[in-house]
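Dear colleague,

Please find the structure below, with the sequence. My notes on it follow.

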Amino acid sequence: MIHFRDNVKKMKGYVPGEQPPPGTKVIKLNTNENPYPPSPEVMNVLRGFEGEWLRRYPDPLAGMAREAAARAFGVPADWVMASNGSDEMLALLARAFLEKGRRIAYPVPTYSLYVTLAEMQDASTAEVDYDEEYNLPVEGLLAVQADLTFVCSPNNPSSTVSPAGDLARLAAGLKGVLVVDEAYAEFADGNALGLVSKYENVIVLRTLSKAYSLAGLRVGFGVARPELLEGLIKIKDSYNVDSVALRLAAAAMNDQAWMAANAARIRASRERLAAELERMKFRLWPAQANFILARPPKGDARYLYLELRDRGILVRYWDRPRLDDKIRISVGTEEENRALLDALKPLIL
Ligand SMILES: Cc1ncc(COP(=O)(O)O)c(C=O)c1O
């Protein structure tokens, strides 16, 4: 018999979106990847990579990547910590602040990894409902006073943003730590980085997986005061970001122009796609990320998801309360978005 901890035995575990093997001919609009390639500067560094850089261990604090990120975020280098994807940063936060008898709070529906992390730590969860318009339930979250509060903004899967004023009110009123998961911030009109200098209990998370087209590289960043990062550094793997990732991440962060140009293209495509979906009578929420949450006119989201899948187009569907009548569509290239719309048209008649 294998004796897992009781909470591990009970856990379902996180279920990632479908990842067909490379080379499979599908239009992949289900896991919010960037449809455009990474910066040519990143590919140059990869081509020129020297074996000597692999022979030795990487910098435990990811110096080059962290410094490039700090320049891009406009903060000192010791306010930035690199991680193996922002998922690792979320896991480190759970490990540092949660255990049996402690509590995490987050508004729902949101990124379903949060509950998995709480279950892993055997912590209790307080899920506070967003209203129909996805306004941040500030009072509800303040009433919980959790040890750790996660807010995803732009929120996955609604693509809606929590205004900086609401986040500031939350940060000021919480005794625990506020994590603002900004995996999609580069596609939005504003961001919460400014909160970090005002509130010592705030950490903002960023990733290279979305706007920088590097989901396969696995690099994310936490931005917070050094006192908060200190505790996370203590519990991370010594070499959590490998030498390849570190050098490529630095190159990506140093090419902000490439990222910004692609983010702008995706935003423009998002607006065109949203307008077409609305013409087809989908109910949408104001999208600020590189995806759109859409409720089909007849609410038959599961049917559409399966029919699209049969036609080689993957979108995301969840059989979960408040989401089971909606699909989440990642914004693709103009051609991919057109193919999606063409496939949808006969299905919703
Ligand atoms: C809200 C949110 N946070 C974090 C992540 C994880 O990103 P990473 O690839 O940096 O681990 C995702 C990925 O889908 C996400 O949607």
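The C-alpha centres of domain 1 and domain 2 lie 23 Å apart. The bounds come from an automatic or database domain assignment, which gives domain 1 as 6–37 + 257–347 and domain 2 as 40–255 of the protein chain. This is a predicted model, in which local features need pLDDT of at least 70 and side-chain atom pairs count only at pLDDT 80 or more, while totals for chains, interfaces and linings use all residues. Residues are numbered from 1 along each chain as its sequence is written.

Between the domains, 29 residues of domain 1 are in contact with 25 residues of domain 2 (contact: C-beta atoms, placed from the backbone, within 7 Å). On the side of domain 1 that touches domain 2, α12 and β10 each supply at least two residues, and α12 gives the most, with 7 residues. That side divides into 17 nonpolar, 7 polar and 5 charged residues. Here Ala, Val, Leu, Ile, Met, Phe, Trp, Tyr, Cys and Pro count as nonpolar, Asp, Glu, Lys and Arg as charged, and the others, Gly among them, as polar. Helices (H or I, at least four residues) and strands (E, at least two) are DSSP runs, numbered from the N terminus.

Helix α12 (residues 256–279) lies across β9 and β10 and runs at about 5 degrees to β10. Axes are lines fitted to C-alpha atoms, for helices over the stretch in contact, and angles run from 0 to 180 degrees between N-to-C directions. The sheet concerned is open, with 3 strands in the order β9-β10-β12 and antiparallel pairing (two strands pair if DSSP finds at least two bridges between them). β9 (283–284) and β12 (327–330) are at its edges with a single partner strand each, so one side of each is left without a neighbour in the sheet. Strand β10 (residues 291–295) pairs with β12 over 4 bridges; isoleucine 292 has isoleucine 329 of β12 as its bridge partner.

There is also an open sheet of 7 strands, ordered β2-β8-β7-β6-β5-β3-β4, with mixed pairing. Its edges are β2 (80–83) and β4 (124–129), each with a single partner strand, so one side of each has no neighbour in the sheet. The twist averages 20 degrees from one strand to the next. β5 (residues 148–152) and β6 (residues 177–181) run parallel and are joined by 5 bridges; leucine 148 has valine 177 of β6 as its bridge partner.

The ligand is surrounded by 13 residues, the closest being Gly85, Ser86, Asp87, Thr207 and Ser209 (near: C-beta atom, placed from the backbone, within 6 Å). By class, this shell has 4 nonpolar, 7 polar and 2 charged residues. Helix α5 (residues 85–97) contributes the largest share of the shell, 3 residues.

α5 also packs against helix α10 (residues 226–235) at an angle of about 95 degrees, with the axes 9 Å apart. That makes the two helices roughly perpendicular (under 35 degrees is roughly parallel, over 145 roughly antiparallel, 65 to 115 roughly perpendicular and the rest oblique). Leu92, Leu93, Arg95 and Ala96 of α5 meet Gly231, Leu232 and Ile235 of α10.

Some backbone details remain. A cis peptide bond joins valine 108 and proline 109, with omega about 0 degrees; proline 109 lies in the loop between β3 (103–108) and α6 (113–120). Another cis peptide bond joins serine 153 and proline 154, with omega about -5 degrees.

Regards

Definitions and conventions
Two residues are in contact if their C-beta atoms, placed from the backbone, lie within 7 Å.
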